[in-house]
Amino acid sequence: DTEVTQTPKHLVMGMTNKKSLKCEQHMGHRAMYWYKQKAKKPPELMFVYSYEKLSINESVPSRFSPECPNSSLLNLHLHALQPEDSALYLCASSHQARGDYGYTFGSGTRLTVV
Amino acid sequence: GQQVMQIPQYQHVQEGEDFTTYCNSSTTLSNIQWYKQRPGGHPVFLIQLVKSGEVKKQKRLTFQFGEAKKNSSLHITATQTTDVGTYFCAGLGSGYSTLTFGKGTMLLVSP
């Protein structure tokens with residue numbers, strides 16, 4: 001299995017809602033990432049998990065809460081988001097947190113906050 | 001911090017024409033990676049360059065890494081409509097670091 005699977009593919013949520021994005025990989029990768037991508041922009045790093053431990057938090061607001069239940073799963077819990085948080089949220093994995101040998105990205109969750 | 005500049009931002013070519021995108025880092029890189037993102041899609045890893053002066057080819061795509069390991073280029077020969085998308089370079093610095101993405105070059109190919 002050489003894929004990163006993300007669910008849901010699309011999500012519309014209100015500013016008072018709580019929702020979660022899910023990501024799964026079975027490639028034995030030990031690093032997993034959350035990225036945020038706005039239209040016509042490069043992916044912007046949010047969080048890095050290495051061996052199931054949070055190693056990098058790029059000063060992301062606390063309304064985004066990551067979780068890594070095990071080496072194959074990565075969640076992003078969302079609460080009290082703002083309309084400007086609407087974006088494509090990408091999960092990625094790599095052999096190690098440095099990213100040598102490349103990242104495998106999931107197809108993303110298109111999030112709209114209303 | 002590390003910065004990766006990429007030009008051009010956008011290029012529109014006729015099918016059959018060549019295309020090149022350039023990437024330049026503010027610091028020496030451990031390696032550089034290239035990704036392609038189709039419209040409405042997600043980034044897909046194309047290749048990684050590690051050695052100074054390295055050149056790699058994938059069919060019509062030629063990737064180069066500069067001698068100083070601070071710049072790179074992607075050249076597509078005889079573009080096809082399937083080449084449409086945004087091409088990102090991403091640099092990896094030394095030590096413990098994560099990828100720094102360039103802003104990308106959006107390629108549009110007209111038949």
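What is the handedness of the disulfide formed by A:Cys23 and A:Cys91, and why? The torsion about the S-S bond of this pair is about -70°, so the disulfide is left-handed.

1. Basis of the note. This is a predicted model, in which local features need pLDDT of at least 70 and side-chain atom pairs count only at pLDDT 80 or more, while totals for chains, interfaces and linings use all residues. Residues are numbered from 1 along each chain as its sequence is written, chains are lettered from A and ligands numbered from 1 in the order in which they are written, and side-chain values use heavy atoms, with hydrogens and water left out.

2. Disulfide of chain A. Over all chains the structure holds 2 disulfides (a disulfide being a pair of cysteine sulfur atoms within 2.5 Å). One of them joins A:Cys23 to A:Cys91, with an S to S distance of 1.9 Å. Because A:Cys23 lies in strand 3 (residues 18–25) and A:Cys91 in strand 9 of chain A, the pair ties together parts that are 68 residues apart in sequence; strands here are DSSP runs of E, at least two residues, numbered from the N terminus. Both A:Cys23 and A:Cys91 are buried, a term that means under 20% relative accessible area, computed with a 1.4 Å probe on protein chains only.

3. Disulfide of chain B. B:Cys23 is joined to B:Cys89, S to S 1.8 Å, and the torsion about their S-S bond is about 65°, so this disulfide is right-handed. B:Cys23 lies in strand 3 (residues 19–25) and B:Cys89 in strand 9 (residues 85–92) of chain B, so the pair ties together parts that are 66 residues apart in sequence. B:Cys23 counts as buried at 4% relative accessibility, and B:Cys89 is buried at 0%.

4. Cysteine A:Cys68. The closest cysteine sulfur to that of A:Cys68 is in A:Cys91, 9.2 Å away, which is too far for a bond. A:Cys68 is itself buried, with a relative accessible area of 13%.

5. Contact between the chains. The contact (heavy atoms within 4.5 Å) takes 23 residues from chain A and 24 residues from chain B. Together the chains bury about 1,700 Å², 56% of it on carbon and sulfur atoms; this is the accessible area, with a 1.4 Å probe, lost on putting the two parts together and summed over both. A:Arg98, A:Tyr103 and A:Phe105 supply 34% of the area that chain A buries against chain B, more than any other three residues.

6. Salt bridges. Between chain A and chain B the count is 0 salt bridges, where a side-chain nitrogen of Lys or Arg would have to lie within 4 Å of a carboxyl oxygen of Asp or Glu.

Conventions:
Helix = DSSP H or I, 4+ residues; strand = E, 2+ residues; numbered from the N terminus. Buried < 20%, exposed > 50% of the residue type's maximum accessible area, 1.4 Å probe, protein only.
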